[in-house]
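Please read these notes with the model open beside you. They go through a few places one by one.

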Amino acid sequence: MTALELEQSADPRGPGLRRGFVHRHPTAMAALACLVSFAAFWTAQRLAHVTMIDLMVYRAEGWTARNGADLYDMVATSAHLPNTYPPFAALLFTPLTLFGIPTMRTLATAGNLLLLVAVVQLSLRLVGRPRRLPRPAAALALSALLVWCEPVWTTLRYGQINLLLAVLVLWDLTRKDTNRWAGIGIGIAAGIKLTPALFAVFLAVAGAVRGWQLLRSGAGARAAWNPWLRQAAVATLTFLGTVLLGALVLPRDALRFWTEIVFAADRVGEVEITANQSLRGVLARLLHTHDPGMAWLVAAGLTAVLGLALAAGALLRGQRAWAAVACAATALLVSPISWSHHWVWCVPALILLGSEALARTGSAARRRWAATAAMGLLFCSFALWWVPHRWHQHEELHQNGVQMLLSGGYPIAGLALLALTAARLWRLSGRGGRGSRPADGGGTPAPPAA
């Protein structure tokens, strides 16, 4: 033993004591790490002079709704951005008009950072982790790392609402099956932005299959009305409630949105730009066209059917986390426009993949850690911005193969998640292995019959 080692071992404030303090106070230490990371993140955003341009659009929507002007004729900011959300969203944005712009930006940044912690916390609950560490400690520690993912960075850069929508959906999916109000979060999220409605569809599909199984077993119609069907019904009724509220308060805008604006997919932005990380955006760049037309419709239709089948199948087999991630990936892939910041669902996806790796040892664990690291690197690398991209310049229509690969990273990751879900269901079915379910956090028990 060297003199330095003797000195360290004799020092009561040495590494052993520090490790002991961390073990005794993991939540406090994780909170400190999270605070430092968030402070660095906030500083980096301010140094980058982020505009929070989408937040300014939301504020303009709130002002327009308050003043009774036309929601879908307004444009906001120097970029002349239009409103693309349902009238219900504009009603929720009206409180933004009560604050000055600097205060609003500060509150939005702080709120989004808290929402990130909530997404991580709910994702951990979804996968049943951690098992030895307090969940708040794990949530804070992971938040300190995951805040640097590109979708999270861009969400805060623009002042977007993606983390709020993810919290609403995950809150529903992690509630007990006996909770009769489960589904409200999904319904509200769909009322703000239509894409989360796919979660209600996936619950309805899984619930219908489960109900048919119960009917065939002779359980009766009452038993067939299972928690997933009830949750889908609550989500649907809540969504219809948001539509009705928007129609009552803003009847002219509601009529125009549901008869015109909802069908104007190109109103959101240019399809081919790098920021569009949907199948439609990838196909537009691949085919060098502004409108991939029938090619996208076929690809989106097939992906929607496959994704919903995988999500419902995972839920039926008790793999709730896999079901949620598969449904989220499907929604992002088939949406006409999925901006890079919409992919904040990378947070629960990475937590799920890490949970799978923790549940295994040897080569199986190494493969899953490699998959987790690869996907983490993708979402933290900002690789999609390495290609030429300038608004209204249409440079994306002239990409080479490498540039197309870089600008299609998120859809590739979404398809990989669907493939992993399919592989897991194959193993559980017994056709690809013994069919035993590993003791990880990827699954939760199937719901009771009634």
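1. Ala-326 is buried, its relative accessible area being 0%; buried means under 20% relative accessible area, exposed over 50% and partly exposed in between, using a 1.4 Å probe and protein chains only. Ala-326 belongs to helix H17 (residues 320–334); helices (H or I, at least four residues) and strands (E, at least two) are DSSP runs numbered from the N terminus.

2. A word on the basis. This is a predicted model, in which local features need pLDDT of at least 70, side-chain atom pairs count only at pLDDT 80 or more, and totals for chains, interfaces and linings use all residues. Residues are numbered from 1 along each chain as its sequence is written, and side-chain values use heavy atoms, with hydrogens and water left out.

3. How do H3 and H7 pack? Helix H3 (residues 26–47) and helix H7 (residues 135–146) have axes 8 Å apart, at an angle of about 20 degrees. Axes here are lines fitted to C-alpha atoms, for helices over the stretch in contact, and angles run from 0 to 180 degrees between N-to-C directions. H3 and H7 are therefore roughly parallel to each other; that word covers angles under 35 degrees, while over 145 is roughly antiparallel, 65 to 115 roughly perpendicular and the rest oblique. The crossing of H3 and H7 is left-handed, meaning that the near helix is turned anticlockwise from the far one by less than a right angle; clockwise would be right-handed.

4. H3 also meets helix H6 (residues 101–127): their axes come within 12 Å and cross at roughly 140 degrees. That angle makes H3 oblique to H6. The crossing of H3 with H6 is right-handed.

5. The loop between H3 and H4 holds both His-49 and Met-52. Most residues other than glycine have a negative phi, and most peptide bonds are trans. His-49 has a positive phi, near 55 degrees, and Met-52 has one of about 50 degrees. Are these residues buried or exposed? His-49 is exposed at 65% relative accessibility, whereas Met-52 is buried at 1%.

6. The peptide bond between Arg-129 and Pro-130 is cis, with omega about -10 degrees. Pro-130 is in the loop between H6 and H7.

7. The structure holds 14 aromatic pairs. The ring centres of Tyr-72 and Phe-257 are 5.7 Å apart and their planes stand at 35 degrees, so this pair is tilted. Rings of Phe, Tyr and Trp (its six-membered ring) pair if their centres lie within 6.5 Å; planes under 30 degrees apart count as stacked, over 60 as edge-to-face and the rest as tilted. Tyr-72 lies in the loop between helix H4 (53–67) and strand S1 (75–76), and Phe-257, 185 residues away, in helix H14 (residues 251–259). Tyr-72 is buried at 2% relative accessible area, and Phe-257 is buried at 2%.

8. The charged end of Arg-175 sits over the ring of Trp-171, 4.0 Å from its centre. The criterion is NZ of Lys or CZ of Arg within 6 Å of the ring centre and within 35 degrees of the ring normal. Arg-175 is in the loop between helix H9 (162–173) and helix H10 (184–192), and is buried at 16% relative accessibility.
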